Amino acid sequence: FQKQHQDQKENADAKIWESVHSLLTWLGIISLVPFDLNTIDSSLEQHHPLQCTEDNDECNITTPTLVQSILATSVSHLSDYGATRETAAACLASLLSRPDLEHSELQGFVNWSARILYWFRTGKVWDESVNKIDDDSGDPSSSDTLLLPMPNEPPSIFLVMGVLQTLAAIFKTGHRSNLLSTQQKLRGIENLWEQCILVSEGPVGGSMILRKLLAKLFARVGCAYLP
């Protein structure tokens with residue numbers, strides 16, 4: 001059904017929103033399983049070595065894993081303007097709040113979200129040479145890794161709302177010790193909060209829904225920092 005949904009998304013969005021809502025709800029439930037997602041990921045069975053030849057095109061075919069499929073499906077609906085955006089944000093938050101995914105996937109989503117908000121606020125694509133994230137770990141890839149590719153077009157206000165909804169949901173369900181920026185945990189999150197504050201102070205901050213989401217996010221961030 002998920003594959004069929006991806007095939008029909010471009011020309012049938014308005015007709016299958018109920019199916020999309022149901023799909024995202026079920027994917028969110030799958031994200032809550034109390035064991036490793038690899039144990040129920042059937043795509044891993046297809047990741048076996050192939051005898052590559054010049055005529056064998058299957059060597060270049062990679063099947064997305066369950067986590068990658070859930071991420072791609074959820075993020076593709078973060079820019080929706082209906083109930084599917086809220087469901088996608090909840091599904092994505094459930095996945096990124098898993099203890100086995102908070103180290104890498106959550107870090108990548110934080111970096112991606114900061115760049116989305118910066119692009120939306122300034123109208124410019126993030127410049128790595130100017131906007132550097134402080135990282136004293138010695139690993140140059142730990143702070144710059146993006147979980148998702150950047151969109152081809154400037155992000156809309158609906159995508160920003162979806163990002164903020166996801167972050168607010170993560171701070172509601174995630175582990176507090178993993179959400180704060182420390183030497184070993186989440187890095188670059190201060191830059192994300194800076195972008196959120198700048199968005200709230202800009203002209204687009206006049207949107208009532210956007211102000212509500214920002215207030216919810218800031219409140220939950222403040223609660224996470226309470227002793």
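Among contacts in the protein chain between residues at least 6 apart in sequence, 71% join residues at least 24 apart, where contact means heavy atoms within 4.5 Å. This is a predicted model, in which local features need pLDDT of at least 70 and side-chain atom pairs count only at pLDDT 80 or more, while totals for chains, interfaces and linings use all residues. Residues are numbered from 1 along each chain as its sequence is written, and side-chain values use heavy atoms, with hydrogens and water left out.

The protein chain has nine helices and zero strands, these elements being DSSP runs numbered from the N terminus (helices are H or I of at least four residues, strands E of at least two). Of its 227 residues, 44% count as buried, a class that means under 20% relative accessible area, as against exposed at over 50% and partly exposed in between (1.4 Å probe, protein chains only). The accessible surface of the protein chain comes to about 12900 Å², of which 55% belongs to carbon and sulfur atoms; such areas come from the Shrake-Rupley method with a 1.4 Å probe.

Two helix pairs are set out here, with axes fitted as lines to C-alpha atoms over the stretch in contact and angles running from 0 to 180 degrees between N-to-C directions.

| Helix pair | Axes come within | Crossing angle |
|---|---|---|
| H2 (residues 17–30) and H3 (residues 66–75) | 11 Å | roughly 140 degrees |
| H6 (residues 157–173) and H9 (residues 208–225) | 9 Å | roughly 25 degrees |

The axes of H2 and H3 cross at roughly 140 degrees. That makes H2 oblique to H3, whereas H6 and H9 are roughly parallel to each other; angles under 35 degrees count as roughly parallel, over 145 as roughly antiparallel, 65 to 115 as roughly perpendicular and the rest as oblique.

On the H2 side, Leu 23, Leu 24, Leu 27 and Ile 30 meet Leu 66, Ile 70, Thr 73 and Ser 74 in H3. By class, this contact of H2 with H3 has six nonpolar, two polar and no charged residues, with Ala, Val, Leu, Ile, Met, Phe, Trp, Tyr, Cys and Pro counted as nonpolar, Asp, Glu, Lys and Arg as charged, and the others, Gly among them, as polar.

Between H6 and H9, the residues that meet include Val 160, Met 161 and Lys 172 in H6 and Ile 209, Lys 216 and Arg 220 in H9. The residues of this contact of H6 with H9 divide into 14 nonpolar, one polar and three charged.

Helix H9 also holds Tyr 225, which is partly exposed, with a relative accessible area of 44%. The C-alpha atoms of Tyr 225 and Ser 177 are separated by 9.7 Å, although the two residues lie 48 residues apart along the chain.
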